[in-house]
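Hi everyone, thanks for making time.

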Amino acid sequence: MNVTRAFSFVFDDPDWWKITLVIGLLQFIPVIGQIVGLGCIVAIARAVANRQERPLPQLNQLGALFSAGVYSATIYIVYYLPIFLISCLFSCLLGATITFAGNSESTFIILIGLMLCSSVFIVPLSLIIQILLIVGIGRYVQTGSVSAAFQPGSVWALLQRNPAEWLVLWLLSLLCSTVASFGTFALLVGLVISIPYATFVFGHLLGQTVQQVTSSPASPTLSS
């Protein structure tokens with residue numbers, strides 16, 4: 001994987017600053033901005049997997065980016081549904097304990113125990129889901145079909161065949177999250193740059209991984 005290329009490809013496009021600025025400003029529109037960001041990841045990943053020289057999406061593709069982002073958001077929601085349900089279950093148990101046990105030392109011990117148990121379940125499950133989610137998104141990028149991300153056998157097989165590549169990508173996704181947070185040091189102005197830039201970098205890394213682990217070309221890139 002060419003990590004250096006993932007961090008530098010953005011500047012190959014003469015309009016990179018316009019694209020970055022628009023995508024960055026959109027991030028301040030709740031939901032819509034984040035969906036467009038997900039669409040950028042998919043668009044860049046497909047372009048890289050298809051070996052396009054300039055994979056950065058153009059401003060006339062915002063509609064297509066939003067559509068791809070909606071599908072990606074659906075994949076995220078479904079994958080994280082188990083975490084949500086388990087969290088709700090433990091929240092209900094905590095609420096029931098407080099309601100029926102009252103304020104006592106034993107209640108405090110039970111609450112601590114429940115929180116520890118929830119951590120034991122949720123933390124490892126979250127890590128597993130994060131990796132499987134990246135593989136699922138990779139399947140969507142490669143096939144162009146949302147249903148491909150919801151085929152557990154295919155997703156697991158792809159992970160089993162190339163565990164090192166997907167693990168490295170997951171670790172690099174954490175690095176991208178760190179890069180995105182750098183903008184907080186410059187308040188809102190920094191976030192306008194750091195969030196889309198980190199998004200573009202991860203999209204390129206995802207595209208490289210899809211290209212490495214699959215023999216067939218990715219689905220067609222987005223049209224305007």
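Let me start with a question: where is Val31 found? Keep in mind, while you look, that this is a predicted model. Okay, Val31 sits in the loop between helix 2, residues 16-26, and helix 3. I picked Val31 for its backbone: the phi is positive, about 70 degrees, although Val31 is not a glycine. As for the side of things we can see from outside, Val31 has a relative accessible area of 55%, so it counts as exposed, the cut-off being over 50%.

Now go to the loop between helix 3 and helix 4, where you'll find Arg51. Arg51 also isn't a glycine, and its phi is positive, about 60 degrees. Is Arg51 buried or exposed? Exposed, with a relative accessible area of 64%.

Rolling a probe the size of a water molecule over the atoms shows where empty space is left. In this model, the largest pocket has a volume of about 470 Å³. Its lining has 20 residues, and the closest to the centre are Ile41, Tyr76, Ser173, Ser177 and Phe202. Which elements give two or more residues to that lining? They are helix 3 (32-49), helix 4 (62-101), helix 5 (105-143), helix 7 (163-181) and helix 8 (187-213). Helix 7 gives the largest share, 6 residues.

Last stop: the surface. There's a nonpolar patch of about 490 Å² there, made by Phe108, Ile109, Ile112, Met115 and Leu116. Take Leu116 as one of that group: it belongs to helix 5, and its relative accessible area of 54% makes it exposed. Helix 5 is also among the helices that give residues to the pocket lining, if you want to trace it on the screen.

That's my tour, so over to you for questions.

Conventions: Residues are numbered from 1 along each chain as its sequence is written. This is a predicted model: local features need pLDDT of at least 70, side-chain atom pairs count only at pLDDT 80 or more; totals for chains, interfaces and linings use all residues. Side-chain values use heavy atoms; hydrogens and water are left out. On a 1 Å grid over the protein atoms alone, a cavity is a set of points where a 1.4 Å probe fits but cannot get out, and a pocket is an open set with protein on both sides within 12 Å along at least five of seven lines; lining residues have an atom within 4 Å of a point. Grid points are joined across faces, edges and corners, and a volume is the space filled by probe spheres set on the points. Helices (H or I, at least four residues) and strands (E, at least two) are DSSP runs, numbered from the N terminus. Patches are made of residues with over 30% relative accessible area and no salt bridge: like charges are joined within 9 Å, nonpolar side chains (Val, Leu, Ile, Met, Phe, Trp, Tyr) within 5 Å. Accessible areas come from the Shrake-Rupley method with a 1.4 Å probe; for residues, only the protein chains shown count as cover. A salt bridge is a side-chain nitrogen of Lys or Arg within 4 Å of a carboxyl oxygen of Asp or Glu. Buried means under 20% relative accessible area, exposed over 50%, partly exposed in between (1.4 Å probe, protein chains only).
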